Amino acid sequence: MSYIWCDKDEQIQDWAPPAGPLYLDTEFMRDRTYWPRLALVQAHDGDAIRLIDTTGVSAPVLGAVLTDRCLVMHSCSEDLEALQYFTGECPEHIEDTQIAAALVGEDMQMSYQRLVEQQLGVALPKGATRTDWLRRPLSAEQLSYAEDDVKYLPEVTGRLRERLRALGREAWWREECDRLVADVRRRGQGGEPWHAVKGAGVLQGEELAALAALARWREETARQRDLPRSFVLKDPVMLELSQRRRLDRSTLQSLGLHPKLIQRDGERIIACLEQGRRETPPRPLPEPLARSQRDQVKQLRDRVTAVANDLGLQPEVLVRRRWLEALVRDPESLPEPLRGWRREPVAEPLLEML
């Protein structure tokens, strides 16, 4: 199957995909930016493969094709973020084949290459994975790699769907894919930026209030300047600044901040920390579990492993450790993922143990 190269709006507007799912993948760059830069969209409509050059196709035109379509993708969390930033909308109807593979008993993090080789016996090259997808023209190796990413997706999906149907787990797949979309949308709306600071759990009171204020400033600045958070301020520096009682430019210099950063943002950083100390501190992250609680988590994990073995699944597919810890901390509040298809086979046996 040969691909169709699309780099003009008219080519997308004239495209009338047949009814049914659209098999999709994306290539994007995010090494030195806050926002993902969508470079290419690979679309297989069942009849033909289109490689859509997003440096030439406008967002509204591409978005119109993807709206209200079921998009079948593999491990698509970051792809959805890239599509959301480019088109302004997060696709609603998703079927993720990595999730499908996990629900039939395969490895939870199975790559597309491994899945194709396992299901179809086709070994795909990986050479173009880390190339610059925004540079034009794309090389023959990149184009071949991009085509392969969706060439085998319809057949692989069909095989996984048959296995899910035989196991009675199609509804599980739909629920997990809906949860994935909801998670991507929540990330796009922000949240508490200080939660993303590694080591924030050691702070309380004024120090935590200062960190929360500084993290909000870093998040806003990273978004406005389209830079990774660490390019604005690194986590260890943020923790150190939040714990310092007296701050001035010499303090910033002693922590290794770049002179240009100090000149541009130094006064703002100091003012932000001072203002933060006067604010009501946020609720700190949970304390580490007590020994008795850690023992409970271990007992619950053993039970999860037994249930997973009965279902032919990896234990991590059923329950994540953080869900078990939350359950031990508050048995009356069931973590959201345990309220759906997991309630009967997993949550109820666990609750009986608490």
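**Salt bridges**

Analyst: Glu-279 and Arg-216 join their side chains in a salt bridge of 3.0 Å, N to O. The term denotes a side-chain nitrogen of Lys or Arg within 4 Å of a carboxyl oxygen of Asp or Glu. The pair links distant parts of the chain, 63 residues apart: Glu-279 is in the loop between α13 and α14 (291-311), and Arg-216 is in helix α9. Helices (H or I, at least four residues) and strands (E, at least two) are DSSP runs, numbered from the N terminus. This is a predicted model, in which local features need pLDDT of at least 70 and side-chain atom pairs count only at pLDDT 80 or more, while totals for chains, interfaces and linings use all residues. Residues are numbered from 1 along each chain as its sequence is written, and side-chain values use heavy atoms, with hydrogens and water left out.

User: Is Glu-279 buried, exposed or partly exposed?

Analyst: Glu-279 counts as partly exposed, at 29% relative accessibility. Buried means under 20% relative accessible area, exposed over 50%, and partly exposed in between (1.4 Å probe, protein chains only).

User: How many salt bridges does the structure hold?

Analyst: There are 29 salt bridges in the structure. In general, side chains of opposite charge can pair when their charged atoms come close. One network of salt bridges links Glu-175, Glu-176, Arg-179, Glu-336 and Arg-342.

User: By what distance are the side chains of Glu-176 and Arg-179 joined in their salt bridge, and what is the distance for Glu-336 and Arg-179?

Analyst: For Glu-176 and Arg-179 the distance is 2.5 Å, N to O. Because Glu-176 and Arg-179 are 3 residues apart in helix α8, about one helical turn separates them. Both Glu-176 and Arg-179 are buried. For Glu-336 and Arg-179 the distance is 2.9 Å, N to O. This second pair connects distant parts of the chain: Glu-336 belongs to the loop between α16 and α17 (343-352), whereas Arg-179 is in helix α8, 157 residues away. Glu-336 is partly exposed, with a relative accessible area of 40%, but Arg-179 is buried, with a relative accessible area of 13%.

**Backbone features**

User: Let us turn to the backbone. Which residues does a cis peptide bond join?

Analyst: A cis peptide bond joins Arg-136 and Pro-137, with omega about 0°. Pro-137 is in the loop between α5 and α6.

User: What is the value of phi at Asp-68, and what is it at Asp-226?

Analyst: At Asp-68, phi is near 65°, a positive value in a residue other than glycine. At Asp-226, phi is near 55°, again a positive value in a residue other than glycine. Asp-68 is placed in the loop between α2 (59-66) and β5 (71-73), and Asp-226 in the loop between α9 and α10 (229-232). Asp-68 is exposed, with a relative accessible area of 66%, whereas Asp-226 counts as buried at 13% relative accessibility.

**Pockets**

User: Which residues lie nearest the centre of the largest pocket?

Analyst: The lining comprises 50 residues, and Ser-75, Cys-76, Ser-77, Glu-78 and Gln-98 lie nearest the centre of the largest pocket. Elements that each supply at least two of its lining residues include β2 (22-29), α3 (77-87) and α8 (170-188). The lining divides into 19 nonpolar, 10 polar and 21 charged residues. Here Ala, Val, Leu, Ile, Met, Phe, Trp, Tyr, Cys and Pro count as nonpolar, Asp, Glu, Lys and Arg as charged, and the others, Gly among them, as polar.

User: What is the volume of the second largest pocket, and which element gives the most to its lining?

Analyst: The second largest pocket has a volume of about 690 Å³. It is lined by 25 residues, of which Tyr-34, Arg-187, Gly-188, Arg-223 and Arg-229 are the closest to its centre. Helix α8 gives the most to this lining, with 5 residues. The lining of the second largest pocket divides into 8 nonpolar, 7 polar and 10 charged residues.

Conventions
On a 1 Å grid over the protein atoms alone, a cavity is a set of points where a 1.4 Å probe fits but cannot get out, and a pocket is an open set with protein on both sides within 12 Å along at least five of seven lines; lining residues have an atom within 4 Å of a point. Grid points are joined across faces, edges and corners, and a volume is the space filled by probe spheres set on the points.
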